[in-house]
Amino acid sequence: MAAREMFRHPEAGMKPVVFLDDDKSKQGQKFLGIPVAGPIEDMNVTTVRGVEIPTIGLGTWRLTGEQCRNTVRTALELGYRHIDTAQEYRNERQIGSALRDMAVDRESIFLTTKLGHRNRGYDDVRRSTEESLAKLSTDYVDLLLIHWPNIRTPLRETLAAMNELVDEGKVRHIGVSNFDLDRLARARELSEHDLVTNQVQYNPYWSQTDVLDYCRIHDLALTAYSPLAHGGVLNDPILTDIGERYEKTAAQVTLRWLVQQPNVLTVPKATSREHLAENLDVFDFELTDEEMDRIYRPSKSRALAGFVTGRLQRLTDDCPFKPRTR
Ligand SMILES: NC(=O)c1ccc[n+]([C@@H]2O[C@H](COP(=O)([O-])OP(=O)(O)OC[C@H]3O[C@@H](n4cnc5c(N)ncnc54)[C@H](OP(=O)(O)O)[C@@H]3O)[C@@H](O)[C@H]2O)c1
């Protein structure tokens, strides 16, 4: 067991921070000895089918290159223990590199990747997963998902290969993403190992009532992607108003709304240290039933408007001519 030195990280609230002095160089890995926040037990965890998954993970879609590596390192420092990537995000190598840099036990990380659209045939599932493992610098991923349904390859074939990877210890658990209820039920029938999640878009503007009911009945997790509607919820007046009561931001109210629902996990994407820290800091307040209802306003037009607002906000933030505020 690695020796541990306890100290507190100022941005991790009152959560104890653990410094692991494992000698990663023994495993041929570059080890920078960067302190990281506490082990998995300290994080809020959701359990489905006996599997413990940190309730909030880091989404990494559109994070690439050095920015991805730095963001993952910062996230690990702050206490994130769940990272969501995909073969199609083209950032597995940078995530692997960040994991190697950090003083964090592989066992304490919950790492998810997803099969790319072309990698659904039996051989492609096996080959591409081996490639993902090499890029991620790990012997196994905690969760392998089918990223999107693909009607050209029989689901049975994809799942047979995924099940074999579980038997071989290269994948701990399997699941799906963007599956409707019929496909989800069929995938469960065809799989020898339990599916643990369906990762779908879910936020205050996007309804998932039927999928969530199904997940609760069958003890699966609904992993909410685009939880902040790509940034579209950030200026929502209802979320801001509720947030004022708890001294929380609209983003935090949204994430709290998600994780307060049984069987819901979420993987917000954030880049700045401030946003990353903020998104983990949602376990010290509780929304009332009335607030939970007020927040949920599913509507395709609101979702679209939120998406466009979020994109525009990002473009403005990135504009080099924007006046800088102090
Ligand atoms: N399975 C699938 O098909 C699928 C599809 C889409 C997404 N996903 C997963 O879900 C993850 C999240 O979804 P998403 O990337 O679409 O969007 P999202 O998490 O809904 O929103 C991300 C945006 O919100 C901003 N943000 C994050 N935290 C904030 C905070 N506390 N205050 C203010 N702004 C904040 C981010 O800005 P900064 O980056 O500047 O901090 C970014 O612009 C993805 O990264 C991916 O892992 C999966």
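Colleague: Let's start simple: how many helices and strands are there in the protein?

Modeller: Eleven helices and 13 strands. Bear in mind that this is a predicted model.

Colleague: And how much of the protein is buried?

Modeller: Of its 326 residues, 55% are buried. As for contacts between residues at least 6 apart in sequence, 73% of them join residues at least 24 apart.

Colleague: Which residues in H3 and H4 meet?

Modeller: From H3 you have Tyr 122, Val 125, Arg 126 and Thr 129; on the H4 side they meet Glu 157, Thr 158, Ala 161, Met 162, Glu 164 and Leu 165. Sorted by class, this contact has five nonpolar, two polar and three charged residues.

Colleague: Why is H2 called oblique to H3?

Modeller: Helix H2 (residues 92-101) and H3 also pack at about 40°, with axes 7 Å apart. Again, roughly parallel needs an angle under 35 degrees, so H2 counts as oblique to H3. In H2, Glu 92, Arg 93, Ile 95, Gly 96 and Leu 99 meet Ser 132, Lys 135 and Leu 136 in H3. By class, that contact divides into three nonpolar, two polar and three charged residues.

Colleague: Why does Asn 119 count as buried?

Modeller: The cut-off for buried is under 20% relative accessible area. Asn 119 has 15% relative accessibility, so Asn 119 counts as buried.

Colleague: How do you know that the side chain of Asn 119 makes a polar contact with the side chain of Gln 87?

Modeller: The two side chains are 3.0 Å apart at that polar contact, and the limit for the N or O pair is 3.5 Å.

Colleague: Leaving aside its neighbours within four places in sequence, which residues is Asn 119 in contact with?

Modeller: With that exclusion, they are Gln 87, Asp 124, Val 125, Arg 127 and Ser 128. Val 125 is also one of the H3 residues that meet H4.

Methods
Residues are numbered from 1 along each chain as its sequence is written. This is a predicted model: local features need pLDDT of at least 70, side-chain atom pairs count only at pLDDT 80 or more; totals for chains, interfaces and linings use all residues. Side-chain values use heavy atoms; hydrogens and water are left out. Contact means heavy atoms within 4.5 Å. Helices (H or I, at least four residues) and strands (E, at least two) are DSSP runs, numbered from the N terminus. Ala, Val, Leu, Ile, Met, Phe, Trp, Tyr, Cys and Pro count as nonpolar, Asp, Glu, Lys and Arg as charged, and the others, Gly among them, as polar. Buried means under 20% relative accessible area, exposed over 50%, partly exposed in between (1.4 Å probe, protein chains only). A polar contact is a pair of N or O atoms within 3.5 Å; within protein, one must be able to donate a hydrogen and the other to accept it, and residues adjacent in sequence count only if both atoms are side-chain atoms. Axes are lines fitted to C-alpha atoms, for helices over the stretch in contact, and angles run from 0 to 180 degrees between N-to-C directions. Angles under 35 degrees count as roughly parallel, over 145 as roughly antiparallel, 65 to 115 as roughly perpendicular and the rest as oblique.
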